[in-house]
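Got a model open and wondering where all those labels come from? Let's go through a few of them and check each against its cut-off.

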Amino acid sequence: MPDEMSWPLIRSRGEGGASTHLEASASETGALVIGILGTGDFSRSLARRLVASGYQVVVGSRNPHRSVALFPEEAEVTSQMEAASQADLVFVAVFPEHHSTLLELKPSLAGKTLVDVSNGLRINKEGPSNAEQLADLFPESFIVKGFNTISAWTLQVGPRDGSKQVYLCSDNQKAKSLVMQVCRRMGFIPVDMGQLSSSVEIENLTLHLFPSWHIPILCTVSLFFFFYLYNFTRDILLPYITAKKSAFYKMPIKTVNVTLPSVALVMLALVYVPGLCAAFLQLWRGTKYKRFPSWLDGWLTRRKQFGLCSFLCAVLHAVYSLCLPMRKSARFTLLNKAFKQVKDGVQDSWVDEDVWRMELYLSVGIMALGLLSLLAVTSLPSVANSVNWREFSFIQSTLGYCALSMATLHTVFFGWDRAFDPAQYHFYLPPTFLLVLILPLLVLLGRLALFVPCVAQRLRQIRRGWEESRHIRFTLPDDDRRNGLEDVSNV
Amino acid sequence: MPDEMSWPLIRSRGEGGASTHLEASASETGALVIGILGTGDFSRSLARRLVASGYQVVVGSRNPHRSVALFPEEAEVTSQMEAASQADLVFVAVFPEHHSTLLELKPSLAGKTLVDVSNGLRINKEGPSNAEQLADLFPESFIVKGFNTISAWTLQVGPRDGSKQVYLCSDNQKAKSLVMQVCRRMGFIPVDMGQLSSSVEIENLTLHLFPSWHIPILCTVSLFFFFYLYNFTRDILLPYITAKKSAFYKMPIKTVNVTLPSVALVMLALVYVPGLCAAFLQLWRGTKYKRFPSWLDGWLTRRKQFGLCSFLCAVLHAVYSLCLPMRKSARFTLLNKAFKQVKDGVQDSWVDEDVWRMELYLSVGIMALGLLSLLAVTSLPSVANSVNWREFSFIQSTLGYCALSMATLHTVFFGWDRAFDPAQYHFYLPPTFLLVLILPLLVLLGRLALFVPCVAQRLRQIRRGWEESRHIRFTLPDDDRRNGLEDVSNV
Amino acid sequence: MPDEMSWPLIRSRGEGGASTHLEASASETGALVIGILGTGDFSRSLARRLVASGYQVVVGSRNPHRSVALFPEEAEVTSQMEAASQADLVFVAVFPEHHSTLLELKPSLAGKTLVDVSNGLRINKEGPSNAEQLADLFPESFIVKGFNTISAWTLQVGPRDGSKQVYLCSDNQKAKSLVMQVCRRMGFIPVDMGQLSSSVEIENLTLHLFPSWHIPILCTVSLFFFFYLYNFTRDILLPYITAKKSAFYKMPIKTVNVTLPSVALVMLALVYVPGLCAAFLQLWRGTKYKRFPSWLDGWLTRRKQFGLCSFLCAVLHAVYSLCLPMRKSARFTLLNKAFKQVKDGVQDSWVDEDVWRMELYLSVGIMALGLLSLLAVTSLPSVANSVNWREFSFIQSTLGYCALSMATLHTVFFGWDRAFDPAQYHFYLPPTFLLVLILPLLVLLGRLALFVPCVAQRLRQIRRGWEESRHIRFTLPDDDRRNGLEDVSNV
């Protein structure tokens, strides 16, 4: 639906016809009066949506005359007391700190269902939620928590692809069912979260700021600082201190361009470490029935975030590398080299080994980037939803290890024979690529170890429920290939 | 579901079992006979889908013997009169201009529900819709408008991720409920659009061609023409006219590469202008209860389109820039410079300032591009749906302003000290980057102004309902942080 | 919902309240006891989900004491016999080879609904499915096949955007309705696949590995090998054999960079060939009612895959091209050229034609890449779902042909006048770009042929049902613009 066609004008509400035994008969829609207390953007969008879904809407405002212009004509705008009396189901769309101002409506609202759509200001760890406080204020009403994760914009344009979930919870099953029915009619998908005590989590849902990304981003930034300082010290600072050679111009681009691939490769290896740890842990323990340590569980759930951070660094590294020939510093260097070559009378300065080294590590690097792009694209929610788990596992596991191998090979070719050249060990500090290669090579060796037939066989047995202590084969559920630890199974 | 597995063979329809009181009991599904008038691709796909959903389907064709091969075996293909008699619900899948040929079926269709699935040929601004005309032809049937936005392909492969919305409207509530039930059983999500008078808008839905993109694209193209002509005049035309210097080779790439970033930066600034306008308007008026002018409303809803146009120009600018060293013109220039350097006997042509200028503006430019990419990725529908509004606001608002600052800094570094060099003012025309910097700097200044404590405090008060004229704090709905104008609140 | 908040703690299940006549009343939810046989990851996630959706869950395990720690507290973990007795609906979450171990439960399970969630190990072409074998083991129970495409991870975090489809089939309509109701309550979308005989296809669904991609990828790889060998022979092998000129350093990057664009352009042309074939076939036959040959049908459904393979090759070609100036080989070549220019005393080596050729083909190439990126982005599922078919057709058909024209023009500019230069025909082999241009030019000519007024008119008539043999205009369904062959109609 086009963006600016928010919600078309509905001429008049459908009249209630004869009752049918089909779900949500016309008479029930016609009979159910929905009230909204509050007149802000959310109320407005909610009113428009309810009216478009065929409900009779009455809005309670402290200043009906001023607010009536803002609401669709089918909705009746009246005083809060009037709205509370008429309505069967009431959306309480006011700030939580103003819930107490509604106390005068308590008699009118007794026995009715109130939906608390408020959000909190900060993440609530203890203490009652807004919904629980509302329940304390209105003990004779049935409080349902919900709709707080839906923005007025989404109410207005409709769920983008009919897939916006609405989290509901309530102590009263009947009230919850009623709100779920209204929710479905509006085009949303209600998700039952249980009792009203779940309202704390529902209210916290909107306050999280990428919680699963905190650790991966922290890792990335720490690795970046470490490698940048290492390269800076080795390539710029120590030469300056010892030989007064000023190479500070390298700081914005060249040094960053040695740091980014280091971070990318280490982060990519960190994506596959938890899978290997889990496999070896199961082999060590001889069983799959003991739970993983919580740090390993947490790491396993964040593998996608580690991978995407690695991909971002890899792409930036590619862009920085492509910028290298464009720089004035590269041009001056080239012109000076040409001058020197003419002065030395060297007709052909071609060095075969240098040429081959660069051709090889460039081509392998591009292949690695291509594979990482495939992984990144399949991480998009819509693409991930359209592939089955065998396909997803193939991409993330098989192609993922190919990408890791390619990236490692790219670094090995870049290093070429410099690991064996003492001159590269400036100030006894090894070249950066050697530090970077440690973890990926360990990961690849670990994965190869799991290919060894007896090891693979034992792991397969354990995954099918064999336990070292008991030597009894259990009747196991069909889970190995369909659960989220599939990646672990495949490592 | 794999693409080529359109719809698997259904051996035989489920027989109607005992009635249950659960939704859509077997007997009702078994008892409801659905008819389709018409035999094109849409009818075929619809028949397959209805059969797979467990309905009894009868297809009415003018030439049953020829059409029967095209339809699934479970569907009965017969004459139109026969189909109209047997069916309880009839899909009228014929061209609107042929609706009148069905008049002979009027007696058989009396009292039944007809679903008009036709589309119009052009956007209908006045005049009756196809559905309304069909209703005039069949006054004793109940017309439901729907399914015209669903393609035969979607019917065939199933809603891609169960999220395809079907827009329905009808004057008769019972008929509409029946069609909604059928719709759900087929796996779609029905959206109630009200009375049959909404059918005009439903029919127009499929004829829009990116309506919210018209203005942003027009802006982009206009800015592109303006800056291209400015640069062409300044760098190519005037030097040719005055000094006969032919630099026309610059037209395809170099001049485009000065134009694209100008367009990108101005468009990016235009993303944040409406938010600032809205904030200052609220501060000026002292209230948030007056509606914005419609041009501002329209601009606020198109911010995403402005941003994506800016991103496209920024990416193309990056690609063009990366192409610069590859060109033969760059190589000839470099070779000629080398020749000149040798002839002048200059051993080292290094200029520190030139080097630093380029290192700085390149690195800041890459950072700006990285941030803009993050913004573009979170604009994808599936990604936008998976983040909550706090996260979305953080990306689009906070990171967005960072991207704008980076891009402005990139342009400032590029300019370096050329603004103060009279030689840069060719023919009294200032360098392009000066023109470009005006709007972004204004935007950034305006945003900084909103950070000033008293201004920020006042705006927060106004957003919470404080009104200058009344000095009364109203009970306000909990809306500030959850509505689509959240970006406006955060500017 | 944040990833690590898998499923919040549900304090206690909602008690069953008074029955309502709304769908799925509280009493029914409260009365329905769901059993799970099996204790793996899938069972665990299923138990958590069912508990969160308000059901009473009892898990049957061979070793209840050991398993109870793994399950949520609200679920009762007991012996398999006990669970089978208590439950009304039983999820059989055990390996298919262990189904027979449940035979002792047959009496307890008689008359109840069993859901088989197992997957097969390999694609099943004949022979009974797991569900059919289970039905043979438990003839007095009602077997429903379903949930095998849902991973434990999806059960745990909830359907990502409420859109995960669950494929169900059963011989018993009432059992199927019950499972569909449970499915909806859990937040999934049930898709009715018919009778239990469809279970073979449902079980095969999870075993496909990108079935629609096999042919396009095979095409891409074959074309790559062909063009690579052609270029290798022409540019490296034959010069080495005849003139001992060693250019093997070109193999990793330069030769690949001539191969990739060839593959990309041919694959892009292959996207539009089937549409033209279909149009000309309809013109030839004079009717649209004969079915296309199956190879054409298959090709038409794989056009998106061909396009995406082409896009991948085009992007890689762009990256390889941008890498060219960075290589040591390019630098050595440039330095040697500078040396030569100085030795020859040439002050200005500028060649206008070379410069213009490169400026033109580079700029046109970048435009083609930009257009292809737009096509690729609109192929993403979420973006494709948000545009209507007129917009989708505009992008894929109109912009698609623009992209093909741009890419062809890029190749023509690259070729410049080399087609007429005998020196380019090394060893009587024409330059690669000539081979590549054949198919795209044919496609563009074919498309232009369809613009000729009389041809376009005839095609339009045929699409509206005119048949050459009959000269009768039929009443046709409204399908031309809304079906999946729309692209064919527009070619």
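Q: Before we start, what kind of model is this?
A: It's a predicted one, so take every value below as computed from that model.

Q: Which residues of chain A carry the "transmembrane region" feature, and where does that label come from?
A: It comes from UniProt, in an unreviewed entry, which places the feature at residues 213-230, 258-284, 360-380, 392-413 and 433-456 of chain A.

Q: What does the model itself show over residues 433-456 of chain A?
A: That span is 88% helix and 0% strand, with its end C-alpha atoms 32 Å apart. Residues 213-230 of chain A come out at 94% helix and 0% strand, with 26 Å between the end C-alpha atoms.

Q: How is chain A divided into domains?
A: Domain 1 covers 4-205 and domain 2 covers 211-451. Their C-alpha centres lie 52 Å apart.

Q: How many aromatic pairs does the structure hold over all chains?
A: There are 39. One of them joins A:Phe332 and B:Trp350.

Q: Why is the pair of A:Phe332 and B:Trp350 called tilted?
A: The centres are 6.0 Å apart, and the limit for a pair is 6.5 Å, so it counts as a pair. The planes are at 50 degrees; stacked needs under 30 and edge-to-face needs over 60, so tilted is what's left.

Q: Are A:Phe332 and B:Trp350 buried, partly exposed or exposed?
A: A:Phe332 has a relative accessible area of 9%, and buried means under 20%, so A:Phe332 is buried. B:Trp350 is at 27%, between the 20% and 50% limits, so B:Trp350 counts as partly exposed.

Q: What makes the pair of A:Tyr361 and A:Phe414 edge-to-face?
A: The angle does: the planes are at 80 degrees, and over 60 is edge-to-face. The centres are 5.1 Å apart. This pair links distant parts of the chain, with A:Tyr361 in helix α15 (residues 352-379) and A:Phe414 in helix α17 (residues 389-415) of chain A, 53 residues apart.

Q: How do you know whether A:Tyr361 is buried or exposed?
A: Its relative accessible area is 11%, under the 20% limit, so A:Tyr361 is buried. A:Phe414 has 31%, so A:Phe414 is partly exposed.

Q: Why say that the charged end of B:Lys244 sits over the ring of B:Tyr240?
A: The charged end of B:Lys244 is 5.5 Å from the ring centre, and the distance limit is 6 Å. The label also needs an angle within 35 degrees of the ring normal.

Q: What else can be said about B:Lys244?
A: B:Lys244 has a positive phi of about 55 degrees although it is not a glycine. B:Lys244 lies in the loop between α10 (214-243) and α11 (254-285) of chain B. At 62% relative accessibility against a limit of 50%, B:Lys244 counts as exposed.

Q: How do you know whether C:Ala47 is buried or exposed?
A: Its relative accessible area is 0%, so C:Ala47 is buried. C:Ala47 lies in helix α2 (residues 41-52) of chain C, and its contacts include C:Phe71 and C:Pro72.

Methods. Residues are numbered from 1 along each chain as its sequence is written. Chains are lettered from A and ligands numbered from 1 in the order in which they are written. This is a predicted model: local features need pLDDT of at least 70, side-chain atom pairs count only at pLDDT 80 or more; totals for chains, interfaces and linings use all residues. Side-chain values use heavy atoms; hydrogens and water are left out. UniProt positions are given in the numbering used here, feature names are shortened, and annotations may be inferred rather than shown by experiment. Helices (H or I, at least four residues) and strands (E, at least two) are DSSP runs, numbered from the N terminus. Domain bounds come from an automatic or database domain assignment. Buried means under 20% relative accessible area, exposed over 50%, partly exposed in between (1.4 Å probe, protein chains only). Contact means heavy atoms within 4.5 Å. Lists of a residue's contacts leave out its neighbours within four places in sequence.
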